[in-house]
Amino acid sequence: MDNPSICDGVIREIKDSKLVVMDNNSTSETFLLDKETEFLQVIFSKEEQKPISEMKIEKGDVREGDIVSVFYKNEGGKKKSAAVKKIVNKKSLMEKASEMQMDYIEIVALLSNIKPLFYEIVQDGKIDEIKDFFEERRLICDFSKERCEDLGKDGLIDRNKESFLFVSKDRRKIKNFKKTYLGSSDREKNAEIGILLGYPKCCADNFIKETIERYSDYDLEDRSKYHYFRMSSLSKTFSPLANPLFCFYGRVDKSSREKIEILNENIIKNTSLSTPYLYLTSHVPCSFDCKETIEYARKVYFAIKEENESVAEELLETLSKPVLFFSVFEFVVFEGEGSRNELYYEKIAKPHSLVDDEIIKKIEKGNRLTVSDDKIGIYRDGVKVDTIKKKSKEDGFLIPFSNKVI
Ligand SMILES: [Zn+2]
């Protein structure tokens, strides 16, 4: 057919010999279909703004609601269609994970064979979609409500709306993990759980020893704070690859869900990322210079980079900024550089946390701060402009992540 015209729009009606399409100006156009009309499916990449594959399909595969490009010619006052191209937008893994309300980073790590198994609490309404997603990729999914009643008491899971999901290539690994995780009465004290999830042994052992045992009298939120403080004091360098600060799940109990949601929203609003998963590894490392964690996170970084280069870069850049840490939900991220005791900064960076406005106002007065056990001094060009008093040495300490130690 010579120089056909093209109509882009959505199918309103499709019959044996008639196709009605509403075009981009909301005008309905009617086309004639016959035996010669070709039907094709075009996979279109939004990111690259181009078609990436085209294949012939049956007419029955085209339905009302599909987005199409109709190639047609005017013949005797009627529009005769030569080809109907069904446009399918390729979704990135990140968009798909976001639709399933699942952890994008963990999915990439699993699909890239970096992680042997992962589990997540998922919405019951999403189960069919999630099952299709993993089974298409030849992974085994196991949904379970086992022990939900017990764990529900801790506020970990809402039995009526949520289920555990376990995914792996290896059915035995799922079985083993379920036995260890769901079967253990002292789940928290079992370092084996971390190992089965692919976390380094040094970190899994350390997590039990430090976070669970040393601070057993504290709630999860305080435990995380004390653990980060100890990690900070023991670390020689501060690799952004081992920055776990923006992973909130597992660091707090479910009563903090609302806070997590606000922070996650801040992350999405403040960055160009469409998911709130701002970390390369979800476990708490034994230190900010843990070699095994860095190695693991580097693999995840490259796997994300292969999927979406700009996302990987933005993720690493955000994780590379120094942080003044008050609590799991209260911290200040900086454009700047420093050590554990002193920080030179240009401004406060994103993502923003739930830290008090008064603290922000004080910090904004200066461009350098010093941290001691009982106070934070704020200076501008060598002159002291304000002080933040600390309640304890853990109440405001510096974690000087830097892009120089990747
Ligand atoms: Zn470690």
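Helices (H or I, at least four residues) and strands (E, at least two) are DSSP runs, numbered from the N terminus. The model is predicted: local features need pLDDT of at least 70 and side-chain atom pairs count only at pLDDT 80 or more, while totals for chains, interfaces and linings use all residues. Residues are numbered from 1 along each chain as its sequence is written.

**The whole chain**

Begin with the protein chain in cartoon view; there are 12 helices and 17 strands in it. The C-alpha trace spans about 90 × 55 × 35 Å along its principal axes. A residue is called buried if 20 or more other C-beta atoms, placed from the backbone, lie within 10 Å of its own, exposed if 12 or fewer do, and partly exposed in between. Of the 406 residues, 32% count as buried.

**The nonpolar cores**

A nonpolar core is a set of buried Ala, Val, Leu, Ile, Met, Phe, Trp, Tyr and Cys residues joined through C-beta atoms within 7 Å. Select I105, A297, V300, V323, F325, F331 and I399, which have the most contacts inside the largest core, a set of 77 residues. At least three residues of this core come from each of domain 2 (116–197) and domain 3 (324–405), with bounds taken from an automatic or database domain assignment. Another core, of nine residues, lies apart from it and has L19, F31, V70 and Y72 among its members. In soluble globular proteins, nonpolar side chains tend to be buried together.

Now centre on F331. Two residues are in contact if their C-beta atoms, placed from the backbone, lie within 7 Å. Beyond its neighbours within four places in sequence, F331 is in contact with L245, V323, L324, F325, F326, S353 and V355.

**Helix α10 and its partners**

Select helix α2 (residues 104–111) and helix α10 (residues 291–307). They pack at an angle of about 95°, and their axes are 9 Å apart. Axes are lines fitted to C-alpha atoms, for helices over the stretch in contact, and angles run from 0 to 180 degrees between N-to-C directions. Helix α2 is therefore roughly perpendicular to α10, a label given to angles of 65 to 115 degrees. I105, V108 and A109 of α2 make the contact with V300, A303, I304 and E307 of α10. These residues divide into six nonpolar, no polar and one charged; here Ala, Val, Leu, Ile, Met, Phe, Trp, Tyr, Cys and Pro count as nonpolar, Asp, Glu, Lys and Arg as charged, and the others, Gly among them, as polar.

Y301, I304 and K305 of α10 meet E309, V311, A312, L315 and L316 of α11.

**Individual residues in loops**

Not counting residues up to four places away in sequence, C286 touches C202, C203 and N206.

Move to P351, in the loop between β13 (342–348) and α12 (357–364). The peptide bond from K350 to P351 is cis, with omega near 5°.

Finally, select S26, in the loop between β2 (18–23) and β3 (28–32). Phi of S26 is near 60°, a positive value in a residue other than glycine. S26 counts as exposed because it has 8 C-beta neighbours inside 10 Å.

Methods: Parallel < 35°, antiparallel > 145°, perpendicular 65-115°, else oblique.
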